[in-house]
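Good morning, colleagues. Please look at the sequence and the structure on the screen while I go through its contacts, its cores and its helix packing.

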Amino acid sequence: CLRWNCCTTLGALDEEGLLTRLGRKMAEFPLEPQLSKVLITSTELGCSEEVLTIVAMLSAEQIFFRPRDKQAVADQKHAKFFQQEGDHITLLQVYKSWQQANFSTAWCHENFVQARGLKRAQDIRKQLVTIMDRYKLDLLSCGSKNYNSVRRALCSGFFMNAAKKDPQEGYRTLVDNQPVYIHPSSALFNRQPEWILYHKLVLTTKEYLRDCLAIEPRWLVELAPRFFKKADPLRLSKRKRREKIEPLFDRFAQDQDAWRIS
């Protein structure tokens with residue numbers, strides 16, 4: 001039922017539960033529905049080369065590793081790859097750096113990166129490229145100066161995994177208002193942007209978000225109009241209505257309620 005709801009929201013199924021044109025394209029990829037949607041959207045946004053790599057990296061096992069006796073050194077090496085946009089772009093940077101090092105295993109050991117994970121990502125990427133070629137989906141690059149198109153493509157598939165910064169601490173998921181926190185290993189842990197997407201939720205001492213990406217809230221409305229709509233500025237949310245605004249206490253006033261209109 002959850003998978004059916006997910007596919008319907010992504011536009012892969014129509015109201016009768018039949019595959020749409022988009023859904024038929026998505027079904028050709030051996031991926032979870034959200035990743036298939038991201039990949040197809042990336043061809044429309046002109047960033048499929050970058051998104052192919054990110055999807056392959058997300059589909060592989062854990063990329064970074066931290067030996068107990070070398071955690072500080074490993075953290076320093078990993079931090080070199082961190083990108084301000086978040087973990088998805090960081091994964092892209094890791095793959096590009098490995099590619100520039102001629103896919104060297106020694107480079108992986110030196111940078112505390114799982115060689116087996118990267119090789120699996122490479123194999124997945126090749127498989128996805130073959131499927132893209134078969135269905136004549138364009139392989140286009142957005143370059144390395146602006147990754148907004150990549151982030152928008154990721155929004156198109158993972159909009160249900162959006163969260164907003166909580167004024168008190170951590171974040172709140174948009175779908176169910178659940179309190180969550182960015183994982184300490186994330187490139188965004190020290191930045192804490194206002195709006196984020198996450199790839200998965202991990203429960204340890206808290207509900208932690210893994211693989212986080214900074215986003216613009218308007219992208220959610222643009223890319224998922226069936227799921228989100230722009231709030232009416234003239235209407236208050238339930239949370240806002242519950243907030244009671246009180247003026248500062250006036251110790252000279254005879255009646256503390258005199259300020260009220262009614």
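Let me begin with Trp-195, which touches Ala-163, Lys-164, Leu-174, Leu-213, Ala-214, Ile-215, Pro-217 and Leu-220, leaving aside residues up to four places away in sequence. Contact here means heavy atoms within 4.5 Å. Trp-195 is located in strand β4, residues 195-203. Helices (H or I, at least four residues) and strands (E, at least two) are DSSP runs, numbered from the N terminus. Between Trp-195 and Leu-213 there are 18 residues of separation in sequence and 8.5 Å in space, C-alpha to C-alpha.

A word on the source: this is a predicted model, in which local features need pLDDT of at least 70 and side-chain atom pairs count only at pLDDT 80 or more, while totals for chains, interfaces and linings use all residues. Residues are numbered from 1 along each chain as its sequence is written, and side-chain values use heavy atoms, with hydrogens and water left out.

Turning to the chain overall, the protein chain has 11 helices and five strands. Of its 262 residues, 44% are buried, buried meaning under 20% relative accessible area, exposed over 50% and partly exposed in between (1.4 Å probe, protein chains only). Among contacts with a separation of 6 or more, 62% are between residues 24 or more positions apart.

What does the largest nonpolar core contain? It has 59 residues, and those with the most contacts inside it are Phe-29, Leu-39, Val-94, Leu-118 and Leu-220. Helix α8, residues 115-134, supplies the largest share of this core, eight residues. A second, separate core of 10 residues includes Tyr-171, Ile-182, Leu-188 and Leu-209. By nonpolar core I mean a set of buried Ala, Val, Leu, Ile, Met, Phe, Trp, Tyr and Cys residues joined through side-chain atoms within 4.5 Å. In soluble globular proteins, nonpolar side chains tend to be buried together.

Gln-34 sits in helix α3, residues 33-45, and is buried at a relative accessible area of 16%.

Gly-170 is likewise buried, with 16% relative accessibility, but its place is the loop between β1 (162-165) and β2 (171-173). Its C-alpha atom is separated by 4.9 Å from that of Tyr-181, 11 residues apart along the chain.

Finally, how do helices α4 and α6 pack? Helix α4 (residues 48-59) and helix α6 (residues 87-100) meet at an angle of about 95°, and their axes are 9 Å apart. The two helices are therefore roughly perpendicular, the word used for angles of 65 to 115 degrees, with under 35 roughly parallel, over 145 roughly antiparallel and the rest oblique. Met-57 and Leu-58 are among the α4 residues at this contact, and Val-94 and Tyr-95 among those of α6.

Notes. Axes are lines fitted to C-alpha atoms, for helices over the stretch in contact, and angles run from 0 to 180 degrees between N-to-C directions.
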